[in-house]
Amino acid sequence: MKLTLLLWLALPLPAATFYVTVSGLGGEPEYETRFAGLATEAHKLVTGTPDAKAFLHSGILATKAKIRESFTQIATDAGPDDNLVVLLIGHGTFDGTDYKINLPGPDLSGVELAALLDRVKAKKQLVVNTTSASGASVASLQRPNRVVIAATKSGTERNATVFARFWVEALRDAGADADKNETVMALEAFRYADQKTVQYYERGKRIATEHAVLEDTGQGEAVRNPAPDNGHGLVASRTPLLRLGAAQKSAADPAKQQLLSKRDDVEQRIDQLKYNKAAMPAAEYRKQLQVLLVELAKVQKEIDQ
Amino acid sequence: MRWALLTAASLPFLGCVAYPAAERNPAAVQQVDKCWKMSRRGQTAEATSCFIALTTSKDAYLRAEGQWGVKNYTGANDQFKEAVKQHAQDPHVKVRWGRLFLERFNKEEASNLFEEALGLDKDDPEAMLGQAWVASEGFDKMAVELAGKALKQQEKYPEAHELLAKLALEDSNPKKAREEADLAIAQDAESLDAMAIHLTIDLLEDQPESAWGKKILAINPRYGRAWSMAAESFIHNRRYEEGIALYKKAIELDPGYLEAYSELGVNLMRLAREDEARQALEHAYQNGYRNAATVNSLTLIDSYKNFITYKHDRYTLRLHKKEAELLRPYMEEQMEKILASYDQKYGFRLKEHVQVEVYPDHADFAVRAIGIPGLGALGVTFGSIVAMDSPSGRPPGSFHWASTLWHEMSHVYTLTATKHRTPRWFTEGMAVYEETEASPDWGDRVDPLVLGAIKGKKLLPVAELERGFVRPSYNGQVIVSYFQAGRICNYIAEKWGPAKLVQMMKEFAGPVPTDAVIKKVLGLDAAEFDKQFLAWIDGHFKPLADGLDDWRKKLVTVSKAAKDKDWLVVLAEGPSLRKQYPDFVESGSVYELLAQAYEAKGDKKLAKAELKLYSDAGGRTPETLKKLAALQSEAGEKKEAAITLDRINLISPVLDEETHTRLATLWLEQGNYPGAVREYRAVVASKPADPAQARYNLAKSLDAAGRLDEAADEVLAALEAAPGFRPAQKLLLELTAKQEAAPTRKK
């Protein structure tokens, strides 16, 4: 995912991605099953990716103490170039001051979670809080280079959410990788899950009781629609959530370095062309785009051979 | 809210006459009456002086009447607040205050005041008549009753007769309307509204040179209200163009008559003449006439910038931009089928250009239809203009949009063929009949409400069926009347042949009343027709209607068993229950419960068969139909699966990229490339989460259909979004090679 030409950077290949998935108390059998099922599926999906180190805390085992233990280990193991992805599923509460996710035993507050995250050296961190009232956790979790996604815009949206369901779907559905670069970035997954959530309410003519938000500047309010004009989305567009294919394999092949360099060059020219689109006659734009895309396709074909 | 500020001070008088009770201060009564009489006669300057004199009275009630007379509604409201304190036990003051509210668009508060007046005197005729006016605004049958009660309390009450005349006219009873109007005139020789009733009937009967117009103008040369009343009746009878001309005449006579501007604007909007409509509505609004219909209509006109118009030779589609590209192909396909079918069936080609407007927000549709939100209908037709709910405007499965479109378009033909003289029952009956003629699984099924009406012998004689639509006497009677009208058309088509329906349509253009048309076309009296029709209805529905209570009880048992997963009970009781009432396809139908039971028992074949029965019976819940399609696919019945999924497109094609994708895939496999293209276009138009994949799929189907240039455009769009998308890159290279091999094509 690239916001503009100026933001283009080849994706760094992280040493590892640490995933922590937590499903809290459901309160009712239906929710217990739903939360645990989603957490288990998410855990399974990320475990299958290269260099993943995944931790799952679900059901009665999802205690604050156990979660702390995992973070202690991650704080030891993770280096600055690694990624950290935390997914919270369950019921959240907000009393006007503190946000908490409901866990067996003592609940975990947003401030406590932030302290655990701060101990991890990984520079790129993504926290996806899909619980009810999760919007209230953004303020305590936000920090530069950390992407915070919440299923609700505030602590007052207290109904159980469906955002988690579509977030997990984003991990499963290759369609979430909108730019088809074989890596689902945090911003892509956010947009995917948010769109599906909105459609869920629209299609059923239900009143939307959740409005997902994203914050990745480390300051200010989280936003519904991250975009260059509100300054949000840049870090999220560069924070990988899940690598789908074997894109990194080619990069490891010295024989293909020249082709890769050529591909980068064509891609940058495509970005430049797209950047100038509004200022060009449509026919001319299409013509140039076709030439560049054909060139890119040919280079890619060579790389893949 | 009663204490709310009413409106600006510069509004014109809208026509309200006081008949104070005799026991009040005779001098004051005479003075108020004198002022209003001058106003009624159009003696504006004299009336204004008279009212101004009242504003200086020591009596707050008289000051209120004075302020009202000079159109200072806020001032009048303030004075009435004082007046009810000064005359706490006088119901007349409360009634007059209520009438002020009624005139200023607040019938709820008006009704409250009339009730309070009745609390002071339960027999107060003015308060009863006030309530009758409130009821009449909602076409409530109580209006007639209340006006009659008022007359029992006060024999000489011309306004009560005027109201009864108006109500009789609404009930398509011009004879009764004239009788009541005559009674009003006998009691008050200057009863202008009674004369307006006579004028209206003359005009409706195509007598443009009515003597009543001259009589009215002799009393008040500026009494535009009479022509406005006539206009309202023409609109009520779906004669929109003539109604609009009458509103214009009303304005010409009385340029200060803002209600006519507002109504003119609302009705011009109905005919999609938005520029003229805006002008009229803005005039009303800017001069302080700000009722809900005026304000809502102006807001809706402003929102048209969010709609896209697609013009064709014979029709125009106006679709909201958020779903225009998605709905367009489906609606165009249906419109083409409708026009071809009805042209042939009715034996004429519409001269008028049809406009179909589709609203994703039901409140907008309601404003479009009646000026205010709260309409229960799905579609409405004004001449050659059709407005309807979008499938996205209601929960999926709650209505069949294609069926609705066929219904509304039937009105266009019936209105045209009858020169807008059709009784409502006939045009609705034809429209309902056409829904199931288009496809047996379309149209509304026979519901328990209708069965209850059949059992309770509540169906109306055909000659009186109109009042089932206009002034229902029990809850749900409008729905029952739709059913009855539709079945009458079914019965006629079945017994005498469909050509008789077309013949009846021509006769109604006369205009000729229902009983005469029945006699002439079918050769029997209306009473005999009713006898035969009811026997036919009984033959079809009596056993079901009689056994409805028993069916309900059994359904509860089977539903509970399904909930408890007691499949043996479901399988034992379900089939006979379904057979007893096969039209019941609502949520929780026996079909669905049986399908669940078969699946639970591992018998997918029977589950599939059951859901197929559900679909054929008119079941329209998209999720259930998707289930059927999945079972059909699984069984290798790909063609049947595609038919099932395509049926969903006519019910709920929006916000469902999954179904479009599945159908496109099936059609691509079956070599139905145009179908696949349409469905993949629908996916693209659904603004999918993965636009690159959607564009790529579309490009593939276009390529398969041999539409290389369009395929190239789509694959470029896919790659523009995702330059590294490998399958699209491969397709681009293939398409480029094909294009190079065919040099005449666009590159």
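Which residue's side chain meets that of B:Glu242 in a salt bridge? The legends below describe close-up views of a predicted model, and the first of them gives the answer.

**Figure 1. A salt bridge between B:Glu242 and B:Arg421.** The side chain of B:Glu242 meets that of B:Arg421, with an N to O distance of 4.0 Å. This pair links distant parts of the chain, as the two residues lie 179 residues apart. B:Glu242 belongs to helix 14 (residues 240–253) of chain B, whereas B:Arg421 sits in the loop between helix 20 (401–417) and helix 21 (424–438) of chain B. B:Glu242 is partly exposed, at 31% relative accessibility. B:Arg421, at 19%, counts as buried because its value is under 20%.

Figure 2. An α-helix has 3.6 residues a turn, so residues three or four places apart point the same way. B:Glu180 is buried, with 7% relative accessibility, while B:Lys176 is partly exposed at 35%.

**Figure 3. A salt bridge between A:Asp51 and A:Arg243.** The N to O distance in this pair is 3.5 Å. A:Asp51 lies in the loop between helix 1 (29–47) and strand 2 of chain A, and A:Arg243 in strand 11 (residues 240–243) of chain A, 192 residues away. A:Asp51 is partly exposed, with a relative accessible area of 41%, whereas A:Arg243 is buried, with 12%.

**Figure 4. The buried face of helix 2 of chain A.** In this helix, A:Lys64, A:Ile67, A:Ser70, A:Phe71, A:Ile74 and A:Ala75 are buried.

**Figure 5. The contact between chain B and chain A.** Here 39 residues of chain B are in contact with 29 residues of chain A. The area buried between the two chains is about 2700 Å², of which carbon and sulfur atoms give 54%. In chain B, B:Leu655, B:Glu720 and B:Arg726 lose the most area to chain A, together 25% of what that side buries. There are 5 salt bridges between the chains. A:Asp304 forms a salt bridge with B:Arg726, with the closest N and O atoms 2.7 Å apart. The largest share of the side of chain B that touches chain A, 7 residues, comes from helix 37 of chain B.

Note on methods
Residues numbered from 1 in each chain as written. Chains lettered and ligands numbered in written order. Predicted model: local features only at pLDDT ≥ 70, side-chain atom pairs only at ≥ 80, totals over all residues. Heavy atoms only, no water. Buried < 20%, exposed > 50% of the residue type's maximum accessible area, 1.4 Å probe, protein only. Helix = DSSP H or I, 4+ residues; strand = E, 2+ residues; numbered from the N terminus. Arc of directions from axis to C-beta. Contact = heavy atoms within 4.5 Å. Buried area = accessible area lost by both parts, 1.4 Å probe.
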